[in-house]
Amino acid sequence: MGLAAEEEKEEIAQGEKRAEKNDDDPRPKKVQKTRESAPDEAWEDKASSESESSQASVVAQADRRTPAADVSFSLERLQDEIASLRQHTPPYITDIGLLQRPTLVCDEEGQLKPPDASEASGPWDLLVCVAGPEGDPAYGRPWRVNIRFDHDLWPSKLALVRFRGVFHHALTDEEGVMLMPFYRALPRDERGACTVRLLLQHVRNFLVDPLKSWKVASTPEKFQLAINAHRKLNTERLDIIRKYESMVRHPELFQRPPAFKEEWFEPGFLKALQENTASGWRSILNEHLPGEVFSFKLFTESFCDFFLEEVFSFYSSGLPARRPNSMNAYGIILNDIGLEPLIDELQRLLQPLGELLFPGAGQAWDGHHCFIVRYRAGEDLGLDMHTDDSDVTFNLCLGLEFSGAGLQFCGMTGAPNARKHSFTYKHVKGSCICHLGRQRHGADDISSGERLNLILWNKSSTYRQSDESEKPQQFQEAGPPDPVCVSYTHDRDFGNFKDYPKGKEHFRGRGWCPRPLYEYPGFKPDCDKEEEPDS
């Protein structure tokens, strides 16, 4: 079997495995390539599974499967191309950022490091806003697109293209990166080389007709169904944002470009922000667990009230709300009601703190999931022990009046003390607690009143390529867990320490933690027959 056939076989296997794993995900699935959905070799050559579409694998595949021109890299020429684009901007380009070097890169061995000191060695990022076709309810608006140029790949092969922000499309991966068929169909100039203008034109064509831009003549039904499902999801999201624009309570929160007023911040945070020094930032921190969990005062109580007025305004609007995740049934996603630009700005302001406290995971953030959680009688009362799908989490208490609802912290996923209790945090209005996403934590049931928190999951696509993220160390658990740290959703032995909550008994036998071979001495699952955990 040749290399291409081996790659094809692996893509299929990984796609099928991912599809199985995500059966309970309510979102439309990304296109998964299977023999059933891709019956002929011509289509299979165009299709690409989500599992083979990460930034690292795109670069690796480019060396093997993308036509290359005999044209060397020139930073001066790249800068000239961007200057020309500014001077003669196509109508579908609404903004062109600055060519910048990233603060963090991941090398071929999966190690994180700063880019080389030499300016000429790259890589370089360019953020451009590319609009889809006018009048298209799903994609007919400007989208932020990050173009990464690498001197080994540009202009002979490709530049990596990634959509920034919330962008639902079946033919990108979960991080918004274009799949390999996009790159194989890149238009080229008379030298056989890529150009910035042609690349952006190709992005525009993808927004207009993705399969045509891939140079695909016929479409298997499953692919078209996936495309239509994501198109519907994007249309519904933008429709809600457009409708709520005429209903907003506080337009200041929705202005473009976004801006936070100084009086919204606690004075100590504002001072640290303006000084932007390590000592200034550390002066506002409470370090609850050394190197792991910190809190600080972020917003004034009056701003929290102001922001909650907007949240309750949306609740009362009657507009539908997609819930943040499977564990929070009454929250709302702020990025889905028009507040994504404001949260982009908040993430930018918090980035120096992330870099200081969590090197690697706290660097080079280029994505986020931001939402409101609400706890009160008759709705969600608390939250089962879990980890977050974030690299670094910021959790801000907005109010209201409440008792109980403590935030319990345990250890880090994969650590010997992963399920040992370490700290209980009591929420304070206007204060924010931050930690790594892989730190196990859970919310106690609220005793009285109502609590609303803003949760910001920060994500770094660079960090997520690294071995630190993809292949974290696993250790055997040191001993039985503390009861406060067990999870009915995730743990194989929950029933040995607690009774399953009413209505949650179906989770018995479905847990994955602790992973086989890493159980503590004397471990026993809480049932005779366990489902095979996902790998």
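Student: Where is P123 found in this predicted model, and which kind of peptide bond joins G122 and P123?

Tutor: P123 is found in the loop between β3 (112–113) and β4 (124–131). As a general idea, most residues other than glycine have a negative phi, and most peptide bonds are trans. Here, in a model that is predicted, the bond that joins G122 and P123 is cis, with an omega of about -5 degrees. A cis bond also leads from G399 to L400, where omega is near 5 degrees, and L400 has its place in the loop between β12 (392–399) and β13 (402–404).

Student: What is the phi of K215, and what is the phi of A364?

Tutor: K215, although not a glycine, has a positive phi of about 65 degrees, and for A364, a residue other than glycine, the value is positive as well, near 55 degrees. K215 sits in the loop between α7 (210–213) and α8 (221–245), whereas A364 is found in the loop between α12 (340–357) and β10 (367–376). With 57% relative accessibility K215 counts as exposed, while A364, with a relative accessible area of 16%, is buried.

Student: How should I describe the way helix α4 and helix α6 cross?

Tutor: Two packed helices are described by the angle between their axes and the distance between the axes. For helix α4 (residues 75–87) and helix α6 (residues 196–208), the axes come within 9 Å and cross at roughly 55 degrees, and α4 and α6 are therefore oblique to each other.

Student: Which residues of α4 meet α6?

Tutor: L78, E81, S84 and L85 in α4 meet V196, R197 and L200 in α6. By class, this contact of α4 with α6 has four nonpolar, one polar and two charged residues.

Student: How many disulfides does the structure hold, and which parts does the pair of C410 and C485 tie together?

Tutor: A disulfide is read from the distance between two cysteine sulfur atoms, which have to lie within 2.5 Å. The structure holds one disulfide, joining C410 to C485 with an S to S distance of 2.0 Å, and with -95 degrees about the S-S bond this link is left-handed. C410 lies in strand β14 (residues 407–412) and C485 in the segment after α13 (467–470), so the pair ties together parts that are 75 residues apart in sequence. C410 counts as buried at 1% relative accessibility, and C485 counts as buried at 0%.

Student: What is the nearest cysteine sulfur to C397?

Tutor: The nearest cysteine sulfur to C397 is that of C304, 7.3 Å away, and C397 is in no disulfide. At 0% relative accessibility, C397 counts as buried.

Student: Is H435 buried or exposed, and with which residues is H435 in contact?

Tutor: H435, whose place is in strand β16, is buried, with a relative accessible area of 1%. Leaving aside neighbours within four places in sequence, H435 is in contact with E292, V293, F358, D388, V392, T393, F409 and H441.

Technical notes:
Residues numbered from 1 in each chain as written. Predicted model: local features only at pLDDT ≥ 70, side-chain atom pairs only at ≥ 80, totals over all residues. Heavy atoms only, no water. Helix = DSSP H or I, 4+ residues; strand = E, 2+ residues; numbered from the N terminus. Buried < 20%, exposed > 50% of the residue type's maximum accessible area, 1.4 Å probe, protein only. Axes fitted to C-alpha atoms, helices over the stretch in contact; angles between N-to-C directions. Parallel < 35°, antiparallel > 145°, perpendicular 65-115°, else oblique. Contact = heavy atoms within 4.5 Å. Nonpolar A, V, L, I, M, F, W, Y, C, P; charged D, E, K, R; others polar.
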